[in-house]
Amino acid sequence: MRVVSLLPSATEMVHFAGAGDTLVGVTHECDYPPGVAGLPHLTSSLIDGENMSSAEIDAAVGQRLTDEDSIYALDVDLLDQLSPDLVVTQGLCEVCSVSLNLVERVAAGLKVQPDIFSTDPTSLREVFDDTIEVGELVGKGDETRRKVAGLEKRLARVEKATYGLDRPSVGCIEWLDPPFSAGHWVPEMVRLAGGEELFAAAGERSTRLTWEEILEADPDVLVLMPCGFDTERALQEAQALPELPGWSESSAVKSGRVWVVDANSYFSRPAPRLVEGVEILARILHPDVLPGGLEPQTATQLAHLSV
């Protein structure tokens, strides 16, 4: 079995299934588990987001998708050389990876045509189901089902620990400039952690907001989770927020409940580590009633935004 992953979350799923040794190629964004970045890279970004602000990235993505229909390049020659049996990709978000249409067109022209599996979850259940499907495809179905059952037990433990507690209103923000709601699986994560998400319902797509309407809704807790950013980068982008009109008067700011998290690892990617994201949220929302046995969070996972 030779597997190519065109999505960081798919790379995580393959490793979670115990089949990391089947991977022969990944994306330039695959960074977990450690060591996977050393595999051949089949993609590259057409936007230099490292040296751009959130607003500049948003504008560049919009322009690129309008002009070229993709913000990523795919190394077709390398894909042909690697001769994979299976390519795992997605069709949910055109900003997250090479488009599914492009992958299908390219695969049809390869000397050996691989199977293509598209993982397109919008809920935690669908993330688990896709993980099991990937496990089946790489010959690790039974092992993967056992591991997913362990994830489900962790979620049940968090839900039990927060049951009956006061549920703070929460604003999870997926992009900061312009702001976007955090949709898909994030509202479900908030519910399991003992909160009520204000700006999206479970399964809904992320939508564009304004900071005026966010501050007017006045959530008890603000969780800043810009897609694809780790804690350090997100914290850097958030430094401009205290200059917003009305920021200092919002409930979350006045009570010191504005948090920055590692979205890239625990919230943006539909992969098994979303369970750890739920545990992180539980500690943010209910710091005095921590689910028993949860590992202490580290500075790489979340940080308090000083205001």
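Before the helices, one definition: a helix axis here is a line fitted to C-alpha atoms over the stretch in contact, and angles between axes run from 0 to 180 degrees between N-to-C directions. The model I am showing is predicted.

With that in hand, take helix H5, residues 124-137, and helix H6, residues 141-162. H5 and H6 pack at about 160°, and their axes are 8 Å apart. Angles over 145 degrees count as roughly antiparallel, so H5 is roughly antiparallel to H6. The crossing of H5 with H6 is right-handed. On the H5 side the contact is made by Leu124, Arg125, Phe128, Thr131, Ile132, Gly135 and Glu136. On the H6 side it is made by Gly141, Thr144, Arg145, Val148, Leu151, Glu152 and Leu155. Sorted by class, the contact of H5 with H6 has six nonpolar, four polar and four charged residues.

H5 has another partner, helix H1, residues 8-16. The axes of H1 and H5 come within 9 Å and cross at roughly 60°, which makes H1 oblique to H5. This crossing too is described as right-handed. Met13, Val14 and Phe16 of H1 meet Val127, Asp130, Thr131 and Val134 of H5. The classes in the contact of H1 with H5 are five nonpolar, one polar and one charged. Thr131 of H5 is listed in the contact with H6 and also in the contact with H1.

Now the other partner of H6, helix H12, residues 274-285. Here the angle is about 15° and the axes are 10 Å apart, so H6 is roughly parallel to H12. The crossing of H6 and H12 is left-handed. From H6, the contact uses Leu151, Arg154, Leu155, Arg157 and Val158. From H12, it uses Val275, Glu276, Val278, Glu279 and Ala282. By class, the contact of H6 with H12 holds six nonpolar, no polar and four charged residues.

Next, the interior. In soluble globular proteins, nonpolar side chains tend to be buried together. In this model, the largest nonpolar core has 49 residues. Which residues have the most contacts inside this core? They are Cys172, Val186, Met189, Val223, Met225 and Phe267. H12 gives the most to the core, with eight residues.

Leaving aside neighbours within four places in sequence, Phe267 is in contact with Trp185, Val186, Met189, Met225, Val261, Asp262, Leu274, Gly277, Ile280 and Leu281. A second, separate core has 19 residues, among them Leu209, Leu224, Ala252 and Val253.

Ser250 lies in the loop between helix H9, 231-238, and helix H10, 251-254. Is Ser250 buried or exposed? Ser250 has a relative accessible area of 5%, so it counts as buried. Not counting residues up to four places away in sequence, Ser250 touches Leu215 and Asp218. From Ser250 to Pro219 is 31 residues in sequence, and 7.9 Å in space, C-alpha to C-alpha.

Last, the whole chain. The protein chain has twelve helices and twelve strands. Of its 307 residues, 51% count as buried. Among contacts in the chain with a separation of 6 or more, 69% are between residues 24 or more positions apart.

Note on methods:
Residues numbered from 1 in each chain as written. Predicted model: local features only at pLDDT ≥ 70, side-chain atom pairs only at ≥ 80, totals over all residues. Heavy atoms only, no water. Helix = DSSP H or I, 4+ residues; strand = E, 2+ residues; numbered from the N terminus. Parallel < 35°, antiparallel > 145°, perpendicular 65-115°, else oblique. Left-handed = near helix turned anticlockwise from the far one by under 90°. Contact = heavy atoms within 4.5 Å. Nonpolar A, V, L, I, M, F, W, Y, C, P; charged D, E, K, R; others polar. Core = buried A, V, L, I, M, F, W, Y, C linked by side-chain atoms within 4.5 Å. Buried < 20%, exposed > 50% of the residue type's maximum accessible area, 1.4 Å probe, protein only.
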